[in-house]
Amino acid sequence: MISYYLRLASKSFRRTPGLTLLMICAIALGIGACIVTLTVYHAMSGNPIWWKNNVLYAVTMDSWDPAEPADPDHPALPPFQLTYRDATYLMSSDIPRHKAMMAELLGMLNGAPGQKAPVPIMTRATTADFFPMFDVPFEYGGGWDAAADQGPQPVIVLSHKYNERLFGGRDSVGQTILWNGRQFRVIGVLKDWQPTPKFYDLNEGPFAGPDDAYVPFNWTRTLQELPAGHSADWEANVPDTYSGYLASEAVWIEMWVELPTAASRDRMLSFMNSYWSAQHKAGRFQRPLNNHLTNVGDWLKLNGVVSSDTSILLRLAFAFLAVCLINTVGILLAKFLKRSSVTGLLRALGASRRQIFWQHLVEVGTIAAAGAAAGLVVGAIGLKAVQILYAAASTGDTGDSNYTSLAHFDAVGIAWALALAALSTVAAGLYPAWTVGRLPPSRYLKSQ
Amino acid sequence: MLKMQDVSKVYRTDLIETHALRNFSLEVKSGQFVSVSGPSGSGKTTFLNVAGLLETFDTGVYELDGQDVSRLSDDARSRMRNEKIGFIFQSFNLIPDLDIYDNVDVPLRYRRMKGAERNQRITKALELVGLASRMKHMPSQLSGGQQQRVAIARAIAGDPALILADEPTGNLDSLMARQVMDLLEQINEMGTTIVLVTHDPELARRAQRNIHVVDGVVIDSAPYERRRPTGEARA
Amino acid sequence: MSLSIRPMLSSLLRSRTGAILVALQITIALAVMVNAIWIVSQRIVDIEQPTGIDDHNMFVVAIAGLTSHFDLSSALSEDLDYLRGLPGVLAATASESVPLTGDGQGTELWLQPGQRGHSIAAGELQLDTQGLKTLGTSLLSGRNFNSAEIQHFARGKLDLTPADIIVTHTLAKALFPDGNALGKVVYNAAGKPITIVGVTRDFMGAIGLGNAPYAYAIFPQIPGAYGAYFCLVRTQPGRLGAVMRVAQRHLATSNPDRVIFFTHSLEFYHHRMVAANRNMAIFLSTVTTLILAITCLGIFGLATYNVSARTKQIGTRRAIGARKRDIIAYFMVENAFILSAGVVAGCVLALATGYWLSQQYDLPRLDLYYLVSGVLFLWIIGQLAAWQPARRAASVSPSVATRTI
């Protein structure tokens, strides 16, 4: 029967090609606009490590100024980073399955074979668990171990991009390279890993460029490197030596832990709370107890990763789709009702309501399918445009932009398009098809 | 075949009620050729719509082919229309985008009949009306008489027990009208019951019985020749 | 013109679904259009906010130490001397941040020592004696720094308190709303006194667009605590590209102990700063235009359907004496009813959306002027969309009345 309905539908399209085209265009535009904004929205707010959402936690403690909250606009929030002394203490806990502290350093890479000039790179100083905790994929080699953290041993992990640039993509594990003038041994090379947003450090904005290399955290102290990432302090007297800085209340370290069970989470929190109490008695932590373990999804929300512009655009896209669908419902209804004499005849010849309903729904479905296909094209073009528009907005100082990876047309976009098309079929087609199915068969036979 | 007992049908709008059929009683035996006549607004069309299961009625009993249809669901009524009834309309009502073959095909499709059987029935029906050579023509390429013969083919293709014809010759000249009537008589001779609604006395006379309807009531159901003049007078 | 409204309304009500759907489109389209244009107008204000600096003729070189022999202060003065000596360069200064990048440092100033009273937040720039000239801003009152006042950071040394600062007009007003700020003393978080020695025209520093884009204090300091520094350079008009190329080539090799991290024109940052607003404006305008287009097609479609469904009726009207313009008027008035219904509902939706946006996203409340203009605009294009079908209706021949179709 479906094939018969399809044949009838194609006859109907040939009778009114203009209206049919109009409906297809309306659906295509609506779906295209939705795909563009949904893809951008999804990329912006998407959780890049959703499979570990409920076991990974950002660690925060309110070590801020007793007189004033860290963020006067959101007084309930603690600072998003830890002081050196708090981070190193919390790292001593063996409650988490994995734990890592980290900060961003500016590094200079030099000494690769054939390299003429040093290359400035953003380097993540972190601890061994960073790689297994975040399921970081390696192309060659692997991360380092706890002994390398303690040393610190001169080992470095390169990003895919810089291994391409310095070693032409070859397996560079075991090679020696200069990092800030010191010899480091390449111990691992990552696959192309660019979690977007960069959930573990959102202080430089969600689309801050990826980290280019990773070294053990203790090199920070050994080389007296100040963080190149975000840091903040509230004390009146800023220390004027490096050791003073490490002992100060300046926050500059991100810390993450993996707590597989609710019980371990509770234990970690009480570990933090008892540390807080001891410090509180000693005169630090004079703000109210405000320790948090925040999972990835909540962390993204807290950091306002989805800009208000994007959520306005998202709503706009749905308003647009609504207008397109209403438009289509209106045209379909007019078209179907104009044909009601034929429908009445079909009813007289024995078509049941259900048969009439399905016949019309097949017609709508065909239009929706064509609209969805055209919508995919519109969406692809729109995403290209977004990519061009936003490339400038997200270009970093060193010229890297994360938006190209963001706005590519992936399976998610196609799935959205198909879901929207199915939904719009139902939304746009049901009412008109139902209405014509209910027409009394006799009324339209005489008036032809 | 068709038996109505005290059937009433009232159309209601905001302002008025129209009694289209009042205690309408009628019986048509299987294989009969019956004409229904009456002045405009007498209820002929309502009778046809009710008889053809296109409309429901308010009170009374209607049996079609031995089955009480008063309480059938819309689906069951559709099915009965499809299997038991063939319609022929004054304005032919062919579907303009479908060719002749596809037009005759329509009711068979709704019966979910297999392709081979449909093909055989369509061919047979079109041969009977003498248009087998025109299968691929569009309705607009045919004359009025030819279109009406296609409509007849469509009505009989499903092998219905009852054919309801509503002024089938009203839009045709007399020669073509005669051809159509000959065809209907031929079909009737093959055993199909025919109810013909017409205001044309010529046609009414060719039926075995004539039912005269005035104001929604059957006045007379004798053969046309034996018609007493009272019916006319009362109209 | 003889138009009877009542039969028209009753026919509208009979075929109401189509009319309701079109009115609904108009409702949404009006709400979207009015609010989108409102947001766009806000964005344009942001985009067109003057920077107050000569960003068309400025560039920045980011320099970072590489080896352990790197001596920042000698490298810095060497680089500055070189840049200042280049033909085409008007001025150059060391800086710890780059204007318009959104990546700047803030400070707080008090009117009383010891953090008493409330503080005023200000953006902070660390510049030397050529700082003002490099930015292209000028003093409204007071004086520039002299070279003796410039403090030098050493690597790892994180805090220096200046004795004197220069503030922007906006910051001066914020600190001393009803008086001349010049010569007044303010205090930093540590309670040390700082004298305001100059007040400049407003300009944007490194923090970027926000609540107070022009509140800045200039500290007479040369950066160095982080082992890296920026050189800001201002060239003569039209010489920017050439000077940048020459400087880049020279600095890349002049000192093997450090590297050029990057070189950018300030226009690059200005462009980047307004890009989000500009994109939002482009996005909103595009989608709004499309919504209006679709809505007009909907109006056109409904009118076309109505005309073709009533061909016979129109023919009959013509046959009994209606003039062409009566037929046109009939359809235009009918369309006007639908439009008006949609527009009235649209006003409510637009105001509700505007209110919701202002609550949710910190936008200013919708200006009613935009609503009124939007209503008029939509009403006019809505009528234009129905014009062609109405014309076609008028061309229906009166003979249709006697034909059976």
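This is a predicted model: local features need pLDDT of at least 70, side-chain atom pairs count only at pLDDT 80 or more; totals for chains, interfaces and linings use all residues.

Analyst: The expected span of a helix is 1.5 Å times one less than its number of residues. Helix α9 of chain A covers residues 262-281, which makes 20 residues. At 1.5 Å a residue it should span 28 Å. The end C-alpha atoms lie 29 Å apart, so the two values agree. Just after α9(A) comes A:Gly283, with a positive phi of about 110°.

Now the chain around that helix. Chain A holds 15 helices and 11 strands. It has 448 residues, and 49% of them are buried. Take the contacts in chain A between residues at least 6 apart in sequence: 79% of them join residues at least 24 apart.

One residue shows such burial in detail. A:Ala368 sits in helix α13 of chain A. It has 28 C-beta neighbours inside 10 Å. The cut-off for a buried residue is 20 or more, so A:Ala368 counts as buried.

Next, the contact between chains A and C. It takes 45 residues from chain A and 45 from chain C. On the chain A side, the elements that give two or more residues are α2 (17-45), β3 (98-110), α8 (242-247), α11 (308-338) and α13 (353-393). The most comes from α11(A), with 18 residues. By class, this side of chain A divides into 32 nonpolar, nine polar and four charged residues.

Chain A also meets chain B. That contact takes 23 residues from chain B and 22 from chain A. On the chain B side, α1 (44-51), α2 (74-84) and α3 (100-110) each supply at least two residues. The most comes from α2(B), with six. The class counts for this side of chain B are seven nonpolar, seven polar and nine charged.

Of the contacts in chain C with a separation of 6 or more, 84% come from residues 24 or more positions apart.

Strand β1 of chain C, residues 58-65, gives a local view. Seven of its eight residues are buried, so the strand is largely enclosed by the rest of the structure. It has two antiparallel partners to consider. Seven bridges join β1(C) to strand β11 of chain C, residues 228-235. Within that pairing, C:Phe59 has C:Val233 as its bridge partner. Another seven bridges join β1(C) to strand β12, residues 258-265, again antiparallel. There, C:Gly65 stands opposite C:Arg258. In a regular strand, side chains alternate between the two faces of the sheet.

Terms used. Residues are numbered from 1 along each chain as its sequence is written. Chains are lettered from A and ligands numbered from 1 in the order in which they are written. Two residues are in contact if their C-beta atoms, placed from the backbone, lie within 7 Å. Helices (H or I, at least four residues) and strands (E, at least two) are DSSP runs, numbered from the N terminus. Ala, Val, Leu, Ile, Met, Phe, Trp, Tyr, Cys and Pro count as nonpolar, Asp, Glu, Lys and Arg as charged, and the others, Gly among them, as polar. A residue is buried if 20 or more other C-beta atoms lie within 10 Å of its own, exposed if 12 or fewer, and partly exposed in between; C-beta atoms are placed from the backbone. Two strands pair if DSSP finds at least two bridges between them.
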